[in-house]
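This report covers a nonpolar surface patch and the salt bridges of one structure. The structure is shown first.

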Amino acid sequence: EDLIAVTALYRPGPMDSIPKFIASKHNPQSVKYTDPALEPILSVTYGVMVYQEQVIDIFRTLGGYSLPQADNIRRAISKKKQAVIEAERQTFVHGDPERGICGAVANGVPEKAANEIYDQILDFASYAFNKAHAVCYAQVAYETAYLKCHYPREYMAALLTSEMSNQEKLLKYISCCKDMGIDVVQPSVNASQRSFSAREGKVVFGLGGIKNVGDSA
């Protein structure tokens, strides 16, 4: 969950919430919710709104919106449609019988708290990130970090192979190998494959990465 949150927070806008997120993670007792109904939605991110799905959930759980209605408002906020945003405050707080929305007050949220929550949504929703995307990115980051930690030679060989046509990046990643204490063996017709390879605790230079030779030769 923390990796997912990092992926979503480390971008313009949400970055402003990082200090609060860190402080709340280290001191969960300090987390305060404007209304108790927010706790099941925001507890996973220590009381900080991080994901679009959380915004949608607040509209549904507190305001009584349907899933499509909540997503439509989330979309309007992210596109900064000011007229729609201001008009929707009344609906979120007091409901709209024509659309079948009961409103937060009818769900037991005090009017003052409902308005404060709506303000918080406006502050954040335009920058909110999709958690479904963040989960995918975090999983790739986790798996990549695991491979780099436990199979560093194989990992660096694969990374170098993926950049064989880019001399600048090859030099950068060969330098990274040295920083990691991994020897990169120079090209050899006896030892090298087309790709970079891990062999006897070292990375063997791939013939495909030789400047002015490579795959065409």
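## Nonpolar patch

Leu3, Tyr142, Tyr146, Leu147 and Tyr151 make a nonpolar surface patch of about 530 Å². Patches are made of residues with over 30% relative accessible area and no salt bridge, with like charges joined within 9 Å and nonpolar side chains (Val, Leu, Ile, Met, Phe, Trp, Tyr) within 5 Å. Areas come from the Shrake-Rupley method with a 1.4 Å probe; for residues, only the protein chains shown count as cover.

Helix α8 (residues 131–150) contributes the largest share of the patch, 3 residues. Helices are DSSP runs (H or I, at least four residues), as are strands (E, at least two), numbered from the N terminus. Leucine 147 is in helix α8 and is partly exposed at 41% relative accessibility; buried means under 20%, exposed over 50%, and partly exposed in between (1.4 Å probe, protein chains only).

## Basis of the model

The model is predicted: local features need pLDDT of at least 70, side-chain atom pairs count only at pLDDT 80 or more, and totals for chains, interfaces and linings use all residues. Residues are numbered from 1 along each chain as its sequence is written, and side-chain values use heavy atoms, with hydrogens and water left out.

## Salt bridges

The whole structure holds 9 salt bridges, each a side-chain nitrogen of Lys or Arg within 4 Å of a carboxyl oxygen of Asp or Glu. Glutamate 1 pairs with lysine 131 at 3.3 Å between the closest N and O atoms. Glutamate 1 lies in the segment before α1 (2–9) and lysine 131 in helix α8, so this pair ties together parts 130 residues apart in sequence.

Aspartate 96 and arginine 99 form a salt bridge at 2.9 Å, N to O; aspartate 96 is buried at 18% relative accessibility, and arginine 99 is partly exposed at 35%.
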